[in-house]
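Open the model in your viewer and keep the sequence panel alongside. This tour goes stop by stop, saying what to select and what is there.

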4 protein chains.
Amino acid sequence: MRVLVWGENVHEQQNPIVRDIYPDGMHSTIASGIAEDGDFEVKTATLQDEQHGLSKEALEVTDVLVWWGHAAHGEVHPEAVDRVLSRVWEGMGFIALHSSHYSRPFMRLMGTSCSITWREAGEKERLWVCNPAHPIVRGIDRYFEIQNTEMYGEPFAIPTPDEIVFISWFEGGDVFRSGCTWKRGNGKIFYFRPGHEVYPIYYHPTVRLVLRNAVRWARPAPGKWIDSCPQIPANEAPEPLTVKGPRIHKEGEEGFR
Amino acid sequence: MRVLVWGENVHEQQNPIVRDIYPDGMHSTIASGIAEDGDFEVKTATLQDEQHGLSKEALEVTDVLVWWGHAAHGEVHPEAVDRVLSRVWEGMGFIALHSSHYSRPFMRLMGTSCSITWREAGEKERLWVCNPAHPIVRGIDRYFEIQNTEMYGEPFAIPTPDEIVFISWFEGGDVFRSGCTWKRGNGKIFYFRPGHEVYPIYYHPTVRLVLRNAVRWARPAPGKWIDSCPQIPANEAPEPLTVKGPRIHKEGEEGFR
Amino acid sequence: MRVLVWGENVHEQQNPIVRDIYPDGMHSTIASGIAEDGDFEVKTATLQDEQHGLSKEALEVTDVLVWWGHAAHGEVHPEAVDRVLSRVWEGMGFIALHSSHYSRPFMRLMGTSCSITWREAGEKERLWVCNPAHPIVRGIDRYFEIQNTEMYGEPFAIPTPDEIVFISWFEGGDVFRSGCTWKRGNGKIFYFRPGHEVYPIYYHPTVRLVLRNAVRWARPAPGKWIDSCPQIPANEAPEPLTVKGPRIHKEGEEGFR
Amino acid sequence: MRVLVWGENVHEQQNPIVRDIYPDGMHSTIASGIAEDGDFEVKTATLQDEQHGLSKEALEVTDVLVWWGHAAHGEVHPEAVDRVLSRVWEGMGFIALHSSHYSRPFMRLMGTSCSITWREAGEKERLWVCNPAHPIVRGIDRYFEIQNTEMYGEPFAIPTPDEIVFISWFEGGDVFRSGCTWKRGNGKIFYFRPGHEVYPIYYHPTVRLVLRNAVRWARPAPGKWIDSCPQIPANEAPEPLTVKGPRIHKEGEEGFR
């Protein structure tokens with residue numbers, strides 16, 4: 001299991017509160033939480049790395065990509081986003097954390113606006129387990145709590161999830177679908193809400209447990225599907241076929257993209 | 001019901017076979033098929049129009065957008081694609097025809113590669129109705145046939161459709177999910193396979209009936225949701241709330257995108 | 001639009017608190033809330049009626065069936081349940097209220113255990129709108145509140161809903177998917193949580209508004225599909241076909257059920 | 001991995017063609033195909049066994065139940081069906097074969113009529129792979145064929161599958177969703193069409209490969225969720241709560257079912 005934790009690494013450089021909590025960057029703390037499971041080989045990459053650390057080669061050896069972004073979604077190069085999507089379609093797992101609901105790869109995988117409502121008041125959040133036997137909640141009882149966090153509220157503008165794993169209750173009176181799964185191509189996708197940068201949320205033991213559970217859940221099945229939109233020649237049709245009528249494409253030509 | 005039929009209008013200019021079949025452009029023939037229902041106000045727009053005919057103003061007065069593209073998917077400006085998506089999320093219906101499986105708006109709404117296999121041999125296609133009571137198949141019995149067409153085959157790399165309305169049987173031995181629905185935001189989406197440009201498919205009476213049925217099915221519900229990711233101030237929380245801990249955003253500030 | 005409100009009508013006979021709140025039965029109050037929209041023709045039926053008021057004839061002239069049950073789920077005759085399911089598959093809308101999560105028709109339509117957790121403490125509930133443009137929430141702003149109610153909590157053991165319309169926040173700290181939609185056959189199904197019998201919840205103006213919205217949303221499309229599992233004779237196959245090999249069924253015979 | 005293959009075992013006793021093909025019963029041949037993978041412990045049970053071989057104890061030690069029925073669906077005792085459903089909700093995989101589309105457990109899990117159209121003419125079937133990287137199709141290229149089989153045709157009256165793994169093309173001109181997946185509770189469900197009793201289909205090496213792949217795919221995740229609809233006392237609410245208003249239930253009482 002090869003995990004790549006991608007961090008935007010901007011707040012940590014610019015905001016002293018965030019730097020104090022995450023002196024080595026949020027990505028390092030997230031990675032250390034996942035690496036508590038010794039079976040995982042965990043690497044990190046950031047926006048500032050060449051190709052954002054998301055080269056074709058780096059993604060080819062990644063089983064699950066974990067993404068945290070917030071202040072610089074628009075600085076992620078569209079070609080990097082395209083490479084991430086291609087790997088997800090092949091089977092790479094993708095875990096979007098907190099403010100990554102607006103990250104380019106997540107929005108592109110969802111096809112919706114991914115908007116929320118929000119409030120930054122350090123209030124309490126309780127995450128309820130919606131399916132106690134789901135692999136992502138293994139080891140958690142009925143719920144877990146985060147004492148101080150930013151609120152995200154409904155409506156959350158996503159396509160209907162395949163499964164809802166967590167729904168949050170907030171002290172200020174709001175609710176949110178905080179843990180949701182989808183599949184796009186062969187890639188399993190998990191959105192997980194916790195993670196506001198001015199609180200030490202990625203040190204929370206249950207948050208780290210969910211990260212490890214989710215990484216294990218999102219690992220690709222062995223097969224890999226690299227789709228290619230092939231032209232099937234008429235003489236290779238499963239049933240005998242005589243070509244009738246005009247054609248716009250030549251034999252063996254590729255289709256338009 | 002205000003319908004906008006968008007045509008790429010490239011093959012018609014360059015290929016004499018297509019021009020002979022569709023002397024006024026494929027979009028005109030598609031539009032005339034839809035306009036057979038007198039309740040619809042049908043307009044057309046093409047790639048060559050200013051802003052491709054997809055200005056904010058044009059989209060605001062469109063209830064359902066019908067899209068045909070093939071040779072020039074990559075020439076559609078990304079900002080036009082963004083405008084289309086925003087309107088779909090608000091509630092505009094979107095109908096993608098045939099080779100528009102690879103069109104930018106459709107791919108962006110799906111979040112998958114949208115690949116297929118294909119064969120251009122003028123073979124016979126039989127479209128089976130998968131739900132005889134679905135509004136999109138009203139007036140069709142168990143199936144309908146197209147005598148000469150291009151084949152599209154599985155695997156079709158789409159997210160699981162909300163409903164499958166048609167599955168095609170091909171003379172050469174292949175099958176395809178030819179009529180599929182999804183919802184993204186509040187917009188209803190229908191993919192409909194028939195429509196290869198070197199055959200007179202948009203003159204086929206049942207194809208035209210499906211277009212009209214689909215337009216009626218895809219019309220927006222009255223409400224319109226323009227989402228905005230609002231910050232909810234702590235003193236407007238539904239429950240009394242005391243602000244605790246540090247903050248990264250100022251009161252009233254917008255979130256990062 | 002012909003609406004049938006089905007009430008179990010047991011608590012009202014046995015419990016003085018419920019009788020005081022609903023002297024004419026809960027079904028009557030629910031029906032009066034729906035009938036505020038003059039376009040609806042609203043009837044009622046109860047467990048005590050012959051065939052529970054759910055004869056084939058009664059269901060045939062019902063567009064949307066609204067169901068409230070609690071203490072006597074097991075007394076609903078299995079054949080009545082079968083008749084309800086058949087009509088739902090044909091297209092009749094079905095709205096299950098509150099404790100009807102455990103009603104026979106709802107459980108049979110879902111195929112899951114439909115379990116919940118619960119607490120009866122008269123606490124406050126706030127129902128958040130998850131899609132502000134959904135027809136079922138028309139006329140409601142971001143949320144609405146019920147001051148005193150029983151709590152239902154996650155996990156709610158249902159198949160993934162097509163859409164989640166409401167999620168509830170409870171004073172005691174729990175959450176629940178309070179408004180969910182599905183489609184089974186051609187019938188649209190809506191589960192709506194509010195409605196505990198010892199509080200006057202079906203007099204709440206927003207609850208009544210949701211009931212009217214839901215009835216309108218659940219109305220059948222014009223087509224009706226009565227499926228029959230027909231044997232298609234070989235000589236009526238769309239493609240010419242020579243019968244090969246042995247057979248277990250005679251020509252024209254019906255299949256096993 | 002403990003697999004239980006359930007066979008109705010009626011045709012084999014009554015019809016000489018079926019007896020000749022499956023002298024030890026269809027269940028034995030199906031079981032032998034699955035047992036080719038030495039990791040599986042495979043048992044069989046039949047309608048004629050006590051409790052149909054589906055006692056609580058037998059199901060408790062079953063990870064995946066494979067079901068073949070046709071002529072005697074109605075003879076399966078409702079309580080056996082209830083026990084199967086409870087185990088599926090806990091996590092047991094369930095694989096329904098061919099005519100088991102009308103079996104009681106499958107119909108109850110689906111909540112729809114599960115009807116089809118059909119034709120018994122010994123025609124050719126070609127099963128197309130709709131997702132080449134799905135675990136259930138591992139080892140299969142683009143499609144596989146069965147030379148002589150009964151036809152099942154659309155419409156197939158099921159709820160929208162989570163994933164479509166196979167779509168069939170038939171010589172006589174029909175199509176069918178031949179491999180479909182769902183999840184109900186924690187149980188993974190797979191419907192697989194091949195298997196008409198008067199042809200030796202369960203000796204077909206690719207059919208047997210699919211059975212093994214499907215069993216592996218359907219195995220339960222480690223957790224087990226036995227739901228119970230618990231009453232949560234007010235003094236155990238996560239937030240401090242004062243009981244307000246009347247109650248219908250006593251403290252500690254169970255809810256109605």
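Two strands count as paired if DSSP finds at least two bridges between them. Keep that in mind for the first stops, and note that this is a predicted model.

**Stop 1: the sheet of chain D**

Color chain D by secondary structure. Nine strands form an open sheet here, in the order S2-S1-S3-S4-S9-S8-S7-S5-S6. The pairing is mixed. Now find the edges: strand S2 (41-46) and strand S6 (143-153) of chain D each pair on one side only. From one strand to the next, the twist averages 25°.

**Stop 2**

Select strand S9 (187-192) of chain D.

Six bridges join S8(D) to S9(D), and the two strands run antiparallel. For one bridge, show Lys183(D): its partner in S9(D) is Lys188(D). Then go to the hairpin of S8(D) and S9(D), where two residues lie between the strands. Gly185(D) takes a positive phi near 60° in this hairpin.

S4(D) and S9(D) run parallel and are joined by four bridges. Show Leu97(D) and look across to S9(D): Phe192(D) stands opposite.

**Stop 3: S7(D) against S8(D)**

Select residues 163-170 of chain D, which are strand S7, and residues 175-184, which are strand S8. They pair in the antiparallel sense over five bridges.

**Stop 4**

Select residues 78-90 of chain D, helix H5. H5 lies across strand S3 (64-68), strand S4 (93-97), S8 and S9 of chain D. Its direction is at about 115° to S9(D).

Then take helix H7 (residues 205-218) of chain D, which packs on the sheet. H7 touches strand S1 (2-7), S3, S4, S6, S7, S8 and S9 of chain D. The direction of H7 makes about 165° with that of S9(D).

**Stop 5: H7 in chain C**

Switch to chain C and select helix H7 (residues 205-218). At 1.5 Å a residue, its 14 residues should span 20 Å. The end C-alpha atoms are 20 Å apart, which agrees.

How many of the 14 residues of H7(C) are buried? The count is 11, so H7(C) is largely enclosed by the rest of the structure. Among the buried residues are Arg208(C), Arg212(C), Asn213(C) and Trp217(C).

**Stop 6: two helices crossing in chain A**

Go to chain A and select helix H3 (residues 26-34) and helix H7 (residues 205-217). Their axes come within 8 Å and cross at roughly 70°. Angles of 65 to 115 degrees count as roughly perpendicular, so H3(A) is roughly perpendicular to H7(A).

Show the side chains at the contact. H3(A) supplies Thr29(A), Ile30(A), Ser32(A), Gly33(A) and Ile34(A). H7(A) supplies Arg208(A), Leu211(A), Arg212(A) and Val215(A). By class, that is four nonpolar, three polar and two charged residues.

**Stop 7: Ser113(A)**

Finish on Ser113(A), in the loop between helix H6 (104-110) and strand S5 (117-129) of chain A. Is Ser113(A) buried or exposed? Its relative accessibility is 5%, so Ser113(A) counts as buried.

Now show what Ser113(A) touches, leaving out residues up to four places away in sequence. From chain A come Tyr102(A), Met107(A) and Ala157(A). From chain B come Trp89(B) and Asp227(B). Last, pick the C-alpha atoms of Ser113(A) and His101(A): they are 9.2 Å apart in space, and the residues are 12 apart in sequence.

Terms used:
Residues numbered from 1 in each chain as written. Chains lettered and ligands numbered in written order. Predicted model: local features only at pLDDT ≥ 70, side-chain atom pairs only at ≥ 80, totals over all residues. Heavy atoms only, no water. Axes fitted to C-alpha atoms, helices over the stretch in contact; angles between N-to-C directions. Parallel < 35°, antiparallel > 145°, perpendicular 65-115°, else oblique. Contact = heavy atoms within 4.5 Å. Nonpolar A, V, L, I, M, F, W, Y, C, P; charged D, E, K, R; others polar. Buried < 20%, exposed > 50% of the residue type's maximum accessible area, 1.4 Å probe, protein only. Expected span 1.5 Å × (residues − 1).
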